[in-house]
Amino acid sequence: MATIEGTFEKSSSLRVAIVIARFNDLITNKLLSGCLDCLSRHGIDVSETSKQLDIAWVPGSFELPIISQTLARTGNYEVLITLGAVIRGDTPHFDVVVSEASKGIATVSRETGVPIVFGVLTTDSMQQALERAGIKNNLGWSYALQALEMGSLMKAIN
């Protein structure tokens, strides 16, 4: 029996793209900060001149799938991270955006074979989003760890 796992130690050569939503940027910028800190501490070059990391900004979480698909299809990245924050309001708009973003991102990952980490916060309030983006912990760090593990796991399989 073979056991195949991703590691964090052997992930420093990965090419990573982050697709991040501008909407609710108070939250998404905090997620990005946590994400970049984690990647940097695991050997990924996150500098402005990095050849390992690219960041694409989109208007909102609804637009995450199309840009993720475009980036994944280039063959330049071994893993993508999507970052967004959808906060429930008084209308059904929340449900539509969350549903389409999650289905779209999952579809892109399956169709391209590129792992895409779903880093879209879906919360009932701004307070909940802030707690997940840095007040209590920063899930951006966790999303980056997931990306490193999945990228190295895919390398181990291929």
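**Exercise 1.** Which elements do the buried residues of α5 pack against?

Solution. The model is a predicted one. Begin with the residues concerned: in α5, Gly140, Tyr143, Ala144, Ala147, Leu148, Gly151, Ser152 and Leu153 are buried. These residues pack against α1, β3 and β4. As a check on the helix itself, the 19 residues of α5 should span 27 Å at 1.5 Å a residue, and its end C-alpha atoms are 27 Å apart, which agrees.

**Exercise 2.** Find where the buried residues of α1 lie on the helix, and what covers them.

Solution. Step one is the length. Helix α1 takes in residues 25–41. Its 17 residues should span 24 Å at 1.5 Å a residue, and the end C-alpha atoms are 24 Å apart, in agreement.

Step two is the list of buried residues: Ile27, Thr28, Leu31, Leu32, Gly34, Cys35, Cys38 and Leu39. Seen down the axis of α1, they fall within an arc of 165°, so they line one face of the helix. The spacing can be read with a general rule: an α-helix has 3.6 residues a turn, so residues three or four places apart point the same way.

Step three is the cover. The elements over the buried residues of α1 include the strands β1 (16–21), β2 (53–58), β3 (79–87) and β4 (116–123). The helices α4 (126–132) and α5 (139–157) are also among them. After α1 comes Gly43, with a positive phi near 95°.

**Exercise 3.** Describe how α1 and α5 pack.

Solution. Two packed helices are described by the angle between their axes and the distance between the axes. For α1 and α5 the angle is about 45° and the axes are 6 Å apart. That makes α1 oblique to α5. The crossing of α1 past α5 is right-handed. On the α1 side the contact is made by Leu31, Gly34, Cys35, Asp37, Cys38, Leu39 and Arg41. On the α5 side it is made by Leu139, Gly140, Trp141, Tyr143, Ala144, Leu145 and Leu148.

**Exercise 4.** Are α2 and α3 roughly parallel or roughly antiparallel?

Solution. Helix α2 (residues 64–73) and helix α3 (residues 93–112) pack at an angle of about 15°, with their axes 8 Å apart. Angles under 35 degrees count as roughly parallel. The two helices α2 and α3 are therefore roughly parallel to each other. α2 passes α3 in a right-handed crossing.

Next, list the contact. From α2 come Leu64, Pro65, Ser68, Gln69, Ala72 and Arg73. They meet Glu100, Ala101, Gly104, Ile105, Val108, Glu111 and Thr112 in α3.

**Exercise 5.** Is Ile66 buried or partly exposed?

Solution. Ile66 sits in helix α2. Its relative accessible area is 48%, so Ile66 is partly exposed. The C-alpha atoms of Ile66 and Ala101 are separated by 9.5 Å, while the two residues are 35 residues apart along the chain.

Notes
Residues are numbered from 1 along each chain as its sequence is written. This is a predicted model: local features need pLDDT of at least 70, side-chain atom pairs count only at pLDDT 80 or more; totals for chains, interfaces and linings use all residues. Side-chain values use heavy atoms; hydrogens and water are left out. Helices (H or I, at least four residues) and strands (E, at least two) are DSSP runs, numbered from the N terminus. The expected span of a helix is 1.5 Å times one less than its number of residues. Buried means under 20% relative accessible area, exposed over 50%, partly exposed in between (1.4 Å probe, protein chains only). The arc is that of the directions from the helix axis to the C-beta atoms. Contact means heavy atoms within 4.5 Å. Axes are lines fitted to C-alpha atoms, for helices over the stretch in contact, and angles run from 0 to 180 degrees between N-to-C directions. Angles under 35 degrees count as roughly parallel, over 145 as roughly antiparallel, 65 to 115 as roughly perpendicular and the rest as oblique. A crossing is left-handed if the near helix is turned anticlockwise from the far one by less than a right angle, and right-handed if clockwise.
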